Amino acid sequence: MSKKVIVPLATGFEEIEALTIVDVLRRAGVEVVMAALDSLHVTGAHGIVVVADVLIKDVDGTAYDLIALPGGLPGATNLAADATTQALLKSFDAKGKAIAAICAAPYALQTAGVLKNSYTCYPGYQAKIDRAGYTDKDKVVINANITTSQGPSTAMLFALALVEQLCSKEIKDNLAKDLLF
């Protein structure tokens, strides 16, 4: 049975991060659903419009194995302010389900109260997150059920780490090779 991932898209999302997550996971055979907060047409931080698959209010979180939040501004703060996204994060965490966030998006994890004791994010954004445990030593940090990463240049590493978690190291390694990574 294929794994399922929800990727919430808020106005101002970081396009490189969001589309890398979606693309790499789909290449691995994972079903990925892009869920918009307000309108199916979502404008990213750099003016690229993406058409989401569903509205987040229509998502049944129990049907998904992982929720992955792209960063970008004001995308990450919009995710942090969205009640449905926050409820999904809390529900996933309560069940020990996988949660991932990159760049500024760990802020949305912090506002939901699910960020763990070790994390990374866009360098400098840890001041906004205002939680101990930040590290800049690793591009991807996995702590319990939470995976975090630093930003656009680490999006491929981040997505491949999610493939390994959801599928296997072998699938991740083969995909990385095919992507010339």
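Which residue stands opposite Ile-99 in β7? It is Ile-67, and that pairing opens my presentation this morning.

A word on the model first. This is a predicted model, in which local features need pLDDT of at least 70 and side-chain atom pairs count only at pLDDT 80 or more, while totals for chains, interfaces and linings use all residues. Residues are numbered from 1 along each chain as its sequence is written, and side-chain values use heavy atoms, with hydrogens and water left out.

Let me begin with the sheet. Helices and strands here are DSSP runs numbered from the N terminus; a helix (H or I) has at least four residues and a strand (E) at least two. Two strands are said to pair if DSSP finds at least two bridges between them. The strands in question form an open sheet of 7, in the order β5-β2-β1-β6-β7-β9-β8, with mixed pairing. At its edges stand β5 (54-55) and β8, each of which pairs on one side only. Strand β2 (residues 31-36) joins β5 in the parallel sense over 2 bridges, and there Ala-35 has Val-54 as its bridge partner.

Now consider strand β7, residues 98-102. On one side, β6 (residues 66-69) pairs with β7 in the parallel sense over 4 bridges. Another 4 bridges join β7 to β9 (residues 146-149), again running parallel, and within that pairing Ala-101 stands opposite Thr-148.

How many of the 5 residues of β7 are buried? The count is 5 of the 5, so the strand is largely enclosed by the rest of the structure. By buried I mean under 20% relative accessible area; exposed is over 50%, and partly exposed lies in between, using a 1.4 Å probe and protein chains only. In a regular strand, side chains alternate between the two faces of the sheet. In β7 both faces are covered: Ala-98, Ala-100 and Ile-102 are buried on one side, as are Ile-99 and Ala-101 on the other.

Next, the loops around these strands. Between β7 and α4 we find Cys-103. Its phi is near 65°, a positive value in a residue other than glycine, and Cys-103 counts as buried at 8% relative accessibility. The loop between β8 (140-143) and β9 holds Asn-145 and also Ala-144. Ala-144 has a positive phi too, near 55°. Is Ala-144 buried or exposed? Ala-144 is exposed, with a relative accessible area of 65%, whereas Asn-145 is buried, at 14%.

The side chain of Asn-145 makes a polar contact with that of Asp-93, at 3.0 Å. Such a contact is a pair of N or O atoms within 3.5 Å; within protein, one must be able to donate a hydrogen and the other to accept it, and residues adjacent in sequence count only if both atoms are side-chain atoms. Leaving out residues up to four places away in sequence, Asn-145 touches several others, including Phe-92, Lys-97 and Lys-116, where contact means heavy atoms within 4.5 Å.

Two of those names return at once. Lys-97 lies over the face of Phe-92, at 4.6 Å from the ring centre. Likewise, Lys-4 lies over the face of Tyr-64, at 4.9 Å. For this, NZ of Lys or CZ of Arg must be within 6 Å of the ring centre and within 35 degrees of the ring normal.

Tyr-107 is buried at 18% relative accessible area, and Tyr-125 is buried at 13%.

Two prolines deserve mention. A cis peptide bond, with omega about 10°, joins Leu-73 and Pro-74, the latter being in the loop between β6 and α2 (75-81). Pro-152 sits in the loop between β9 and α6 and is partly exposed, at 28%. Beyond its neighbours within four places in sequence, Pro-152 is in contact with Glu-14, Ile-16, Glu-17 and Cys-103.
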